[in-house]
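Here is a short briefing on a pocket and some annotated positions. Have a look at the structure first, and then we can go through it together.

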Amino acid sequence: MLLTNAHVVTLARDADYGLISNGAVALDGDRIAWVGAMADLPAEHRDVPSRDLGGRLLTPGLIDCHTHVVYGGNRAAEFELRLNGASYEEVARAGGGIVSTVTATRAASEEALLADALTRVDALIAEGVTLIEVKSGYGLSVEAELKMLRAARRIAEARPVEVVTSFLGAHATPPEYKDRPDAYIDEVCIPALRAAHAEGLVDAVDGFCEGIAFDTAQIARVFDVARELGLPVKLHAEQLSNIGGTQLAARYGALSADHVEYATEADARALAASGTVATVLPGAFYTLRETQAPPIQAFRDHGVPMALATDCNPGSSPLTSPLLTMNMACTLFRMTPLEALLGMTAHAARALGHGDRGRIAPGLRADLAVWDADHPSELAYRIGFNPLHSRIFKGAS
């Protein structure tokens with residue numbers, strides 16, 4: 001297929017949009033065969049079926065590289081508690097937070113988890129998402145973690161979207177292991193990881209390195225097993241404090257360090273040296289009414305790629321709009337619209353280890369989004385408005 005009459009946002013390099021006016025993109029199956037100005041269209045692409053995009057904007061498909069879309073129940077009551085003065089940490093220490101979702105997730109069937117997740121996935125797809133990362137971490141038992149990952153895998157069977165999974169067994173200590181986090185890591189988390197890997201359910205391994213979760217030594221034990229199994233790692237780091245998670249992620253060559261509000265310039269240097277992406281999550285910052293923003297300028301100064309994601313989850317970021325996420329990143333963190341778009345395309349792909357997409361170039365995946373917009377900055381500019389015209393997934397509309 002040949003896509004014609006489009007303003008093509010190639011994102012060929014990070015310095016600009018790579019905009020081609022009156023451009024065309026030739027597709028060969030699920031790959032991009034050629035991109036350029038219509039005037040330069042090679043002869044071999046002139047006689048294939050074409051689709052006139054009517055002068056619309058064409059970008060890479062959006063990528064949500066950090067989500068928790070599979071879970072049971074909701075935490076609207078805790079949202080109200082926080083608005084009445086309780087902090088996120090106070091709610092968690094009182095038995096709420098992640099642990100309350102664990103109860104609901106354990107009680108739900110795999111079918112129920114999938115059905116609920118699809119309502120959230122549909123919202124992401126409706127705003128141009130073609131690849132979603134989905135984490136476990138609300139089961140916190142071997143079987144419940146496996147149940148979550150099986151439901152996550154089934155999303156791609158039920159919807160035209162690609163799913164990659166991250167094992168997040170080191171998310172919180174469940175009630176039955178209260179005050180025994182090391183025992184939980186040894187007796188549940190690591191055995192669950194091995195079982196999930198044996199079943200082919202895991203693409204990467206994640207952890208929550210924080211005072212209310214696990215310290216660097218505990219996470220390192222999980223990462224050592226991930227390394228043994230040949231799985232890449234990523235990490236929730238420096239969201240509420242700085243306890244060394246970003247440096248740990250860098251030492252293990254992590255795909256990404258996520259949240260990173262309390263990261264320092266030294267952390268930025270470490271991420272740059274390891275090639276680790278900094279994934280910023282403005283939805284959680286907004287919902288928790290935090291005041292410590294990620295060190296965006298330090299990431300720029302040291303050349304750290306910045307990915308952007310919804311962090312869709314029931315507690316700290318019940319957000320299913322990538323476009324609003326882009327706006328939040330610009331408004332709250334002073335990222336530019338170009339940085340926001342790169343963050344949900346090329347850099348998000350890198351944060352998942354999927355370098356074959358996220359830009360429009362020959363040989364890359366033909367996952368694309370068509371927008372009723374004149375300029376790519378409009379995607380981050382509007383609030384509560386969805387200009388998506390259509391989505392192309394694996395080369396098909």
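Which residues does H171 touch, not counting residues up to four places away in sequence? They are H68, I98, G137, Y138, L140, F208, A213 and F214, where contact means heavy atoms within 4.5 Å. This is a predicted model, in which local features need pLDDT of at least 70, side-chain atom pairs count only at pLDDT 80 or more, and totals for chains, interfaces and linings use all residues. Residues are numbered from 1 along each chain as its sequence is written, and side-chain values use heavy atoms, with hydrogens and water left out.

**Annotated positions**
- An unreviewed UniProt entry places the feature "binding site" at R75, Y138, H171, Q239 and S316; such annotations may be inferred rather than shown by experiment.
- Of these residues, H171 is included in the lining of the largest pocket.

- Y138 is found in the loop between β6 (129–135) and α5 (142–158), and counts as buried (under 20% relative accessible area, 1.4 Å probe, protein chains only) at 2%.
- H171 sits in the loop between β7 (162–170) and α6 (181–198) and is also buried, at 4%.
- Helices (H or I, at least four residues) and strands (E, at least two) are DSSP runs, numbered from the N terminus.

**The largest pocket**
- A pocket is an open set of points on a 1 Å grid over the protein atoms alone, where a 1.4 Å probe fits, with protein on both sides within 12 Å along at least five of seven lines; lining residues have an atom within 4 Å of a point.
- The lining has 21 residues, with A92, V99, T173, K178 and I212 nearest the centre of the pocket.
- α2 (88–93) and α3 (98–107) each supply at least two lining residues, and α2 gives the most, with three.

Note on methods:
Buried means under 20% relative accessible area, exposed over 50%, partly exposed in between (1.4 Å probe, protein chains only).
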